[in-house]
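This briefing covers selected local features of one protein model. The sequence and structure come first, followed by notes grouped by topic.

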Amino acid sequence: MSELTTVARPYAKAAFDFAVESGAVAEWLDMLTFTAEVVKNENIEAFLAGSHSPETTSDLFIKVCGEQLNERGQNLVKIMAENGRLVALPAVVELFAEQKALYENEIEVEVTSATELSEAYQVTLAASLEKRLARKIKLNCNIDSAVVSGLLIKAGDTVIDATVRGKLDRLSNVLQS
């Protein structure tokens, strides 16, 4: 996957820069997401694995996408088809979404708890994390009974382990050393 990420990076950057310039970041994310789903289709995967001319490949791909692609999106598909890079579209979407989050100063936070968090607690937690991380927060809450009690919060490279399981593990390590 890292090879596809390397291949996808310049396409994602170019698409993102254009989307910002034209004020259509959300529209571009929707277009790219749709094209990535098309690439994941078994029939399209088989077609892309075959040896077809770039014109044939891009024409078929654009026809399949139909109205989901505007003129600029079609140009991106043509360029990627010419370079044999349409299979990298899922990675392009991923990188584009990351750039969008950075641009909008937003971070996705994974919160794992033993029980479901109330809506009021989620709002309070999001506000607290926004203040601490100085970014907009998008919470993704998960339930894991192994947590026992407390929260495990992952925001990018930052991990806050406020679980009983984590405290017990740390205590065990201290006692063993």
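S113 is buried, because its relative accessible area is 3% and the limit for that class is under 20%. The model is a predicted one. S113 belongs to strand β1, which covers residues 106-113.

**Surroundings of S113**

- Neighbours within four places in sequence aside, the contacts of S113 are N142, I143, D144, V147, G150 and L151.

**Strand β4 and V159**

- V159 is part of strand β4, residues 158-163.
- With neighbours within four places in sequence left aside, V159 touches L152, I153 and K154.
- V159 and Q68 are 91 residues apart along the chain, and 38 Å separates their C-alpha atoms.

**Backbone at A134**

- Most residues other than glycine have a negative phi.
- A134 is not a glycine, yet its phi is positive, at about 55°.
- The loop that holds A134 runs between α7 (119-133) and β2 (136-143).
- A134 has a relative accessibility of 56% and therefore counts as exposed, since the cut-off for that class is over 50%.

**Aromatic pairs**

- The model has three aromatic pairs by the ring-centre rule, which requires centres within 6.5 Å.
- In one of them, F16 and F96 have ring centres 5.4 Å apart and ring planes at 75°, so this pair is edge-to-face; the class applies to planes over 60 degrees apart.
- F16 lies in helix α1 (residues 2-22) and F96 in helix α6 (residues 89-103), so their pair ties together parts of the chain 80 residues apart in sequence.
- F16 has a relative accessible area of 5% and is therefore buried.
- F96 also counts as buried, because its relative accessibility is 0%.
- F16 makes an aromatic pair with Y103 as well, at 5.7 Å centre to centre and with 80° between the planes, and this pair is edge-to-face.
- F16, F96 and Y103 are linked into a cluster by ring pairs.

**Packing of α2 with α4**

- The description of two packed helices rests on the angle between their axes and the distance between the axes.
- Helix α2 (residues 25-40) packs with helix α4 (residues 54-65) at an angle of about 115°, and the axes are 10 Å apart.
- α2 and α4 are therefore roughly perpendicular to each other, the range for this class being 65 to 115 degrees.
- α2 and α4 cross in a right-handed sense.
- On the α2 side the contact is made by F34, T35, V38 and V39, and on the α4 side by F61, V64 and C65.
- Residues of the contact of α2 with α4 comprise six nonpolar, one polar and no charged.

**Packing of α4 with α5**

- α4 also packs with helix α5 (residues 71-82), at an angle of about 145° and with the axes 8 Å apart.
- The crossing of α4 and α5 is right-handed.
- α4 contributes P54, T57, S58, F61 and I62 to this contact, and α5 contributes Q74, V77, K78, A81 and E82.
- By class, the residues of the contact of α4 with α5 are five nonpolar, three polar and two charged.
- F61 of α4 takes part in the contact with α2 and in the contact with α5.

Methods:
Residues numbered from 1 in each chain as written. Predicted model: local features only at pLDDT ≥ 70, side-chain atom pairs only at ≥ 80, totals over all residues. Heavy atoms only, no water. Axes fitted to C-alpha atoms, helices over the stretch in contact; angles between N-to-C directions. Helix = DSSP H or I, 4+ residues; strand = E, 2+ residues; numbered from the N terminus. Parallel < 35°, antiparallel > 145°, perpendicular 65-115°, else oblique. Left-handed = near helix turned anticlockwise from the far one by under 90°. Contact = heavy atoms within 4.5 Å. Nonpolar A, V, L, I, M, F, W, Y, C, P; charged D, E, K, R; others polar. Phe/Tyr/Trp six-rings, centres within 6.5 Å; stacked < 30°, edge-to-face > 60°. Buried < 20%, exposed > 50% of the residue type's maximum accessible area, 1.4 Å probe, protein only.
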